[in-house]
Amino acid sequence: MEQKREVLTMTRREIKRFQVIEKVIKQELKQVEATEVLSLSSRQLRRLVRRVRAEGEAGVIHGLRGKASTYKTPGRVRENILKICRLRYEGFGPTLACEMLQERNGIKISKETLRQWMIAEGLWQRKKFSGGRHLRWRERKGHRGEMVQVDGSHHDWLEGRGPWMVLMGWIDDATGRVYGRFYEYEGTIPALDSLSRYIKIYGIPSSVYLDRHTTYKNKAKETTEDQLNDTHPLSQFEVACAKLQIKVIHATSPQAKGRIERLFKTLQDRLVKELRLVGAKTLLEANEALERFLVRYNARFNVPAKESGDLHRSWDRKMDREDIFSIHVLRTLRNDNTVVHEKQWFQVLTRTQAKEVDLRQGVNGRLDILGNGIKLKYQRITGPALKPVVRKTRLTTRMFIPVQAHPWRRPYDQKSLNKWQKRTLSLCSKADILTLP
């Protein structure tokens, strides 16, 4: 009966060890020389020599090869963790799922271990990154408040449980500190309201870095007056920033403001799942959850600024908050002291000599009418009824009768008549038609 041959798998390092130790056993090499060749201590070399004499080639193979590690997570625990990930954290990445397991379930596990488990179970796929066009790296600003990047993110943040919302995000370029708030749309009122709330918490920044959205940049053509004064049309947001002495910088590409673009990519993963876990369904519930989320997010991901000192400026009490954070529209005051704005009529009750009035709409929805800088009392009226537009319809077709010298009155062959000539002849009276030959 043939004996089964035992197959040993050895690494190059183990093959080298066996060859050197074999020479030591055959007394072809001294132990001192072998320790230098194998970079081992004399005690470890003597131990390997004893094992090779007793076990042969298998003596240089580590005894724990093929055995499970004593630190391996039990299979029951692994199945429970994967079950929680399937039921509660579906779609979560390994890093975020690891954090949620520790915060909400009290389970501490390495994110790399969880990543391998999720890949093996088909709960996560490795992301492939392709190289893009070459971009130049820009260093962070040195001080807090030196520059803040601003943008709006349109996304289904509630995953169909509630309305579609826009996140107005603010991130400090020096530290990565984040502020944000949800709104129904991205426009002037949400931009001014988020600016007001940011200033209440952190102060007035030195500059803001944003894109060329019509909310932030007025794209109207320069007038002759603008060219003479070396100015350009300003948006309502730029007007508010000018009053606060905030420098507005417009980016020429999304990659230029990559810090906030990457932030939105992170929030569309982490924040969406946070809103799902708390069950947010309305704009109010989403903003409450966002405040709690940003406290933890900033505590973990903020980085210290390179330079000490904060360039945020405190609010000056002499500044009029209502005037700054409002939309201003100039309208002509009619002779009957009425004003028309957005198809609505307003009757001014206060006597004024102003020819133009300033309609000021605040972020809270309040509308003020100012004449020569003074608030005027007014009331909303219905306005004159518009006259209905009556369209004149043509009831009959006017008959065309050609003159005596018209070519149609000349003698011609019946076969050469086209359909339009036949129609005209049919409309003419019999007395005006010449007898055909």
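**Salt bridges across the chain**

A: Arg 86 counts as partly exposed, at 36% relative accessibility. The model is predicted, so local features need pLDDT of at least 70 and side-chain atom pairs count only at pLDDT 80 or more, while totals for chains, interfaces and linings use all residues. Residues are numbered from 1 along each chain as its sequence is written, and side-chain values use heavy atoms, with hydrogens and water left out.

The partner of Arg 86 is Glu 121, and their side chains meet in a salt bridge of 3.2 Å, N to O. A salt bridge is a side-chain nitrogen of Lys or Arg within 4 Å of a carboxyl oxygen of Asp or Glu. Side chains of opposite charge can pair when their charged atoms come close. Under this rule, the count comes to 26 salt bridges.

The pair of Glu 121 and Arg 86 links distant parts of the chain, 35 residues apart: Glu 121 belongs to helix α6 (residues 111-121) and Arg 86 to helix α4 (residues 75-87). Helices (H or I, at least four residues) and strands (E, at least two) are DSSP runs, numbered from the N terminus.

A second pair joins a helix to a strand. Glu 322 forms a salt bridge with Lys 375, and the closest N and O atoms are 3.6 Å apart. Here Glu 322 lies in helix α12 (residues 321-324) and Lys 375 in strand β11 (residues 374-376), 53 residues apart. Glu 322 is partly exposed at 41% relative accessibility, and Lys 375 is partly exposed with a relative accessible area of 41%.

Helix α12 also holds Asp 323, which is linked to Arg 360 in strand β9 (residues 356-362), 37 residues apart. The side chains of Asp 323 and Arg 360 meet in a salt bridge of 3.7 Å, N to O. Which of these two residues is buried, and which is partly exposed? Arg 360 is buried, with a relative accessible area of 3%, whereas Asp 323 is partly exposed, at 23%.

These last two pairs belong to one network: salt bridges that share partners join Lys 243, Glu 322, Asp 323, Arg 360, Arg 366, Asp 368 and Lys 375.

Notes:
Buried < 20%, exposed > 50% of the residue type's maximum accessible area, 1.4 Å probe, protein only.
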